[in-house]
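Me: I have a chain open here and would like to talk it through with you. Could you take my questions as they come?

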Amino acid sequence: SFNLYEGNALVRAAVQSGNLVAGIGAVEADTYILAVPTPFVHGGQIPLPDLKYVESAARAIAPKVTSASLVILESTSPVGTTANRHYQPGSPPPADQ
């Protein structure tokens with residue numbers, strides 16, 4: 001885990017060197033960090049994660065991702081939630097996923 005307050009000097013140095021860039025648009029990169037909310041949908045006995053923000057972020061970067069890219073999902077979704085969701089590098093994920 002990384003505490004942004006304690007790591008402020010590290011973040012500042014990474015930004016100043018150009019090694020860390022944040023944005024809302026997809027650009028070519030080695031690493032993508034998807035930090036999006038994952039609310040729960042309460043409709044049955046077991047609340048399920050609503051992946052609309054995860055899927056939207058994945059669709060946004062999909063055209064830029066390659067087989068060498070590292071994609072990190074920083075989300076509160078339960079372990080295994082995205083295990084069966086597969087996207088092909090360089091193309092948008094299927095609409096039904």
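This is a predicted model: local features need pLDDT of at least 70, side-chain atom pairs count only at pLDDT 80 or more; totals for chains, interfaces and linings use all residues.

Me: Which helices and strands does the chain have, and what order do they come in?

Reply: The chain has 2 helices and 4 strands, and along the sequence they are arranged as α-β-β-β-α-β.

Me: How much of the chain is buried?

Reply: Of the 97 residues, 18% are buried, while the chain exposes about 7,400 Å², with carbon and sulfur atoms supplying 57% of that area.

Me: Let's move to E1. Which residues are on its covered face, and which on the uncovered one?

Reply: Strand E1 spans residues 31-35, and its covered face holds Tyr32 and Leu34, whereas Thr31, Ile33 and Ala35 make up the uncovered face.

Me: Which strand does E1 pair with, and is the sense parallel or antiparallel?

Reply: E1 pairs with strand E4, residues 70-74, in the parallel sense and over 5 bridges; within that pairing, leucine 34 stands opposite leucine 73 of E4.

Me: Going on past E1, where does threonine 38 lie?

Reply: Threonine 38 is in the loop that runs between E1 and strand E2, the latter being residues 40-41.

Me: Why does threonine 38 count as buried?

Reply: Because its relative accessibility is 4%, and buried means under 20%.

Me: What does threonine 38 touch?

Reply: Leaving aside residues up to four places away in sequence, threonine 38 touches Pro49, Asp50, Leu51, Val54, Ser75, Thr76 and Ser77.

Me: Valine 54 is in that list, so where is valine 54 found, and is it buried or exposed?

Reply: Valine 54 is found in helix H2 and is buried, at a relative accessible area of 8%. With residues up to four places away in sequence again left out, valine 54 touches Val36, Thr38, Leu73 and Ser75.

Me: Changing topic, what volume does the largest pocket have, and which residues are closest to its centre?

Reply: The largest pocket has a volume of about 820 Å³. It is lined by 21 residues, and the closest to its centre are Val21, Ala22, Gly23, Tyr32 and Ile33.

Me: Which element supplies the largest share of that lining?

Reply: E1 does, with 5 residues, and both E1 and helix H2, residues 52-61, supply at least two residues each.

Me: How does the lining divide into nonpolar, polar and charged residues?

Reply: The lining of the largest pocket has 16 nonpolar residues, 5 polar ones and no charged ones.

Me: Last one, where is arginine 85, and how exposed is it?

Reply: Arginine 85 is in the segment after E4 and is partly exposed, with a relative accessible area of 30%. Arginine 85 and glutamate 55 are 30 residues apart in sequence, and the C-alpha to C-alpha distance between them is 9.5 Å.

Notes:
Residues are numbered from 1 along each chain as its sequence is written. Side-chain values use heavy atoms; hydrogens and water are left out. Buried means under 20% relative accessible area, exposed over 50%, partly exposed in between (1.4 Å probe, protein chains only). Accessible areas come from the Shrake-Rupley method with a 1.4 Å probe; for residues, only the protein chains shown count as cover. Two strands pair if DSSP finds at least two bridges between them. Contact means heavy atoms within 4.5 Å. On a 1 Å grid over the protein atoms alone, a cavity is a set of points where a 1.4 Å probe fits but cannot get out, and a pocket is an open set with protein on both sides within 12 Å along at least five of seven lines; lining residues have an atom within 4 Å of a point. Grid points are joined across faces, edges and corners, and a volume is the space filled by probe spheres set on the points. Ala, Val, Leu, Ile, Met, Phe, Trp, Tyr, Cys and Pro count as nonpolar, Asp, Glu, Lys and Arg as charged, and the others, Gly among them, as polar.
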